[in-house]
Amino acid sequence: MTPDLLEQGARRVEAHSAVLTGLNNTESGGRNASTGRVATPGEVDVSHGRILYLEDVSVSFDGFKAINKLSLDIAPGELRCIIGPNGAGKTTMMDIITGKTRPDEGTVFFGSTIDLLRYKEAEIAQLGIGRKFQKPTVFEQLTVFENLELALKTHKGVKSSMFFKLDSQQGDRLAEMLVTIQLAGSVNRLAGNLSHGQKQWLEIGMLLMQDPKLLLLDEPVAGMTDEETARTAELFLTLKGRHSLMVVEHDMSFIRTISEIVTVLCDGAVLAQGTLDQVQADERVIEVYLGR
């Protein structure tokens, strides 16, 4: 979840609690870096056939090279699966894409013109990149409906949040999202009462309400039941094409269900890439990750 949405959610929960207790709250409230330009939300140039482009990216922590000359690109609408052993650099790569970590060297572009290294974490989220961490982050004191309503692209001051009313277009969008994430029957349930898998779907729905062009999903089915995992696969296949997705996961059966191209990371670089069958047959991948 984006940093600004977390802050807005905290304010919303405070306002929600104030109403319940009768308090009155007031509002307080390639690619060449030289060719990069300031982009507006929703404006991503994919005329070159790539929505994400990393080239020769490296970063070290206390002498350890977490990312080592990493080059990777993703097409618009693609669902790319990323696998690899622990410590391969998967999370650090996502940190770099979202602005949480700055690389020591390399190029990171969103579309053909947006140099992500020029932007801060919250700005990158506004540009159209959504990230979901392994542990679901939802506002458990609010209902499913209120969580999705909070995620709408609207002014999120305390007073405006308290008195905000959906227009017909927003209401239709929210209703459609409830169906997409399979929570239409739980619209008035508190998020804290949802199952682990349902909380994951709700957070994905909150990200989707922000209209991201690219979604980064870190181990989305960890801890899910078999049924929840199958439903998550259905969800991702539904999103494919409308959004670009980068999915980091260890569950090979889940990967097989959703994947076309699988990228294997090891020691901060791409070790292999291809279909799941191709990478599973690669001796290097067997040696460092899959085992015999």
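Predicted model: local features only at pLDDT ≥ 70, side-chain atom pairs only at ≥ 80, totals over all residues.
Strand β9 (residues 261-266) is largely enclosed by the rest of the structure, because five of its six residues are buried. On one side, β9 pairs with β3 in the parallel sense, over four bridges. In this pairing R80 stands opposite I261 of β9. The pairing of β9 with β10 is antiparallel, with five bridges joining the two strands. Here T263 has Q273 of β10 as its bridge partner. The two strands form a hairpin with two residues between them, and in this hairpin D267 takes a positive phi near 55 degrees.

These pairings belong to a wider arrangement. Where does β9 sit in the order of the sheet? The sheet is open and has six strands, in the order β6-β7-β8-β3-β9-β10, and its pairing is mixed. At the edges are β6 and β10 (269-274), each of which pairs on one side only. From one strand to the next, the twist averages 20 degrees.

Strand β6 pairs with β7 (residues 214-218) in the parallel sense, over four bridges, and G130 has L215 of β7 as its bridge partner. Strand β7 in turn pairs with β8 (residues 244-248), again in the parallel sense, over five bridges. In that pairing D218 stands opposite V248 of β8.

Helix α8 (residues 226-239) lies across β3 (79-83), β7 and β8, and runs at about 150 degrees to β8.

How do α7 and α8 lie relative to each other? In general, two packed helices are described by the angle between their axes and the distance between the axes. The axes of α7 and α8 come within 10 Å and cross at roughly 15 degrees. The two helices α7 and α8 are therefore roughly parallel to each other, and their crossing is right-handed. On the α7 side, the contact is made by G197, Q198, W201, I204 and L208; on the α8 side, it is made by E228, R231, T232, L235, F236 and L239. By class, the residues of this contact between α7 and α8 divide into six nonpolar, three polar and two charged.

Another helix pair, α4 (residues 144-151) and α6 (residues 168-180), has axes that come within 11 Å and cross at roughly 120 degrees. That angle makes α4 oblique to α6. The crossing of α4 and α6 is right-handed. Which residues meet in this pair? From α4 come V144, F145, L148 and E149, and these meet L174, M177 and L178 in α6. The contact of α4 with α6 has six nonpolar residues, no polar ones and one charged residue. For a reader following the helices by eye, an α-helix has 3.6 residues a turn, so residues three or four places apart point the same way.

Seven of its eight residues are buried, so α2 is largely enclosed by the rest of the structure. The buried residues in α2 are K90, T92, M93, M94, D95, I96 and I97. One of them, T92, lies in helix α2 and counts as buried because its relative accessibility is 14%, where the cut-off for buried is under 20%. Which residues does T92 touch, not counting residues up to four places away in sequence? With those left out, T92 touches V59, F61, A66 and I67. Just after α2, G99 takes a positive phi of about 85 degrees.

Conventions. Residues numbered from 1 in each chain as written. Heavy atoms only, no water. Pairing = 2+ DSSP bridges. Axes fitted to C-alpha atoms, helices over the stretch in contact; angles between N-to-C directions. Contact = heavy atoms within 4.5 Å. Parallel < 35°, antiparallel > 145°, perpendicular 65-115°, else oblique. Left-handed = near helix turned anticlockwise from the far one by under 90°. Nonpolar A, V, L, I, M, F, W, Y, C, P; charged D, E, K, R; others polar. Buried < 20%, exposed > 50% of the residue type's maximum accessible area, 1.4 Å probe, protein only.
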